[in-house]
Amino acid sequence: MSEVTATLVKELRDKTGAGMMDCKNALVETKGNIEESIDWLRKKGISGAEKKSARVAADGVIAVSSNAESAALVEINSETDFVSRNPDFQNFAKNVSEIALSHGNSIEELKKATYLESEKNVEEALTDLIGLIGENIVLRRSYLLINTDKNIFSSYIHGQVSEGLGKIGVILSIESSEPSDKINELGKQIAMHIAASKPIAISSDDVDPQVIDRERAILIEQAKDSGKPDNIIEKMVEGRISKFFSEITLLEQTWVIDGESKVSKIINDLEKDLSCKIFIKDFKYFVLGEGIEVDKKDFATEVAEQINN
C-alpha cells in the first residue's frame, strides 16, 4: 500500500476542497490514488469534492486567428502577467497564431514552422524573445480547425488584453448550406456561450464512454445511500445522467443569453427562419493556465527570497 503522506493529503485537499481527515481517509481507502480518491469523496457526498483541479491559473495569453480556410488557437505562457502585456510578447503571440493557421496541427509542427520572413523557425524566435524579455516563455499548445466544406469559422476572446489575445479563447466551425450574416452572428454567440459554459462535447453521442461510465458509477454509489430498491435506483441514475449531459454537452446546455432555451432550440429556430440546416462541426476552447500547477508562495517568502538573491 502506498504511504499516505502529508503532501498527498494537501494535494487532494487543494484539488477537492474537502477536509483534511476526509482527504486522508479517501487516500487510505484508494491506496494513495488521487483520481480514485476524488471519486471516493464524491461518492460519499463530501462537500467540495467536485472542485476542478484543472482551473489553476498561470500567466500569458490565449491567441486566436482565423481566415476562410482555417481557425487556430494557441496558448503561450509567461511567468508573470506583466510580460503578457509586453508589446514584444504580444506581437510574437499574434504572429504565432497566424502561422498556426497553416502549421497548427501539433505544437511540434508549429515550433518548426518558419517565423515570418526570417531564416529562423518559431522555436528559435521564441528563444530570442526569452533572451530579450528575461523571463521564461513557453509555447504550450495549439489547435487547428480546417475548412473541409461549407464551413464558417467563429471565434471569441474573453479577458482581452489586445486584439485576438486574452485569457479564454474559443474557435468554432459551423456548416450550413446557406451562409448568412445571421449564421455568422449565431456563431459568435455560440462561441461566447462556450467560453461561459465550457462544454466538453457537441452532443451526448460525442462524449467519451469512459467519462459516462465513471459518472454512472459515482451516481450509482450515491443513489444506493437512499435505500431505495434497485429498479428505482436505476431510474434515478438515468435521470441524473440526463442532467449530466445537459451540463457538459453544447447542444443540451441552457443558452446563456436567455437562461431558458437549450442551445439546440436556438439553432433549430434559426434553421426554420432561414429554411436551411445548420450543423456545429467542431469547437475548441483554451483556458489560460488550465492544468498548470503553480507553486504559490506567501508574500513574506517572496520578499525573503529577493533579499537572499
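1. Start with S275. In this predicted model, S275 sits in the loop that links α11 (263–274) to β7 (278–287). Its phi is near 55 degrees, which is positive, and S275 is not a glycine. Most residues other than glycine have a negative phi. Is S275 buried or exposed? S275 is exposed, because its relative accessible area is 65% and the cut-off for exposed is over 50%.

2. L116 also deserves a look. Its phi is near 55 degrees, again a positive value in a residue other than glycine. L116 lies in a loop too, between α6 (107–112) and α7 (122–133). L116 has 48% relative accessibility, so it counts as partly exposed.

3. Follow the chain into α7. This helix has 12 residues. From first C-alpha to last, α7 reaches 16 Å, close to the 16 Å expected at 1.5 Å a residue.

4. Which residues of α7 are buried? They are V122, A125, L126 and L129. These residues are on the same side of α7, because they cover an arc of only 105 degrees around the axis. An α-helix has 3.6 residues a turn, so residues three or four places apart point the same way. T127 and G131 are on the other side of α7, and they are exposed. What covers the buried residues of α7? The cover includes α5 (87–103), α6 and β3 (137–146).

5. Next, a helix pair. Two packed helices are described by the angle between their axes and the distance between the axes. Helix α8 (residues 181–197) packs with α11 at about 175 degrees, and the axes are 11 Å apart. That angle makes α8 roughly antiparallel to α11, since angles over 145 degrees count as such.

6. Which residues make this contact? From α8 come K182, I183, L186, I190 and H193. From α11 come V263, I266, I267, L270, D273 and L274. By type, the contact residues of α8 with α11 are eight nonpolar, one polar and two charged.

7. Last, check R216. R216 belongs to helix α9 (residues 209–224). R216 counts as partly exposed, because its relative accessibility is 26%. R240 is 24 residues from R216 in sequence, yet their C-alpha atoms are 8.7 Å apart in space. Which residues does R216 contact, leaving aside neighbours within four places in sequence? R216 is in contact with V237, E238 and I241.

Definitions and conventions: Residues are numbered from 1 along each chain as its sequence is written. This is a predicted model: local features need pLDDT of at least 70, side-chain atom pairs count only at pLDDT 80 or more; totals for chains, interfaces and linings use all residues. Side-chain values use heavy atoms; hydrogens and water are left out. Helices (H or I, at least four residues) and strands (E, at least two) are DSSP runs, numbered from the N terminus. Buried means under 20% relative accessible area, exposed over 50%, partly exposed in between (1.4 Å probe, protein chains only). Axes are lines fitted to C-alpha atoms, for helices over the stretch in contact, and angles run from 0 to 180 degrees between N-to-C directions. Angles under 35 degrees count as roughly parallel, over 145 as roughly antiparallel, 65 to 115 as roughly perpendicular and the rest as oblique. Contact means heavy atoms within 4.5 Å. Ala, Val, Leu, Ile, Met, Phe, Trp, Tyr, Cys and Pro count as nonpolar, Asp, Glu, Lys and Arg as charged, and the others, Gly among them, as polar. The expected span of a helix is 1.5 Å times one less than its number of residues. The arc is that of the directions from the helix axis to the C-beta atoms.
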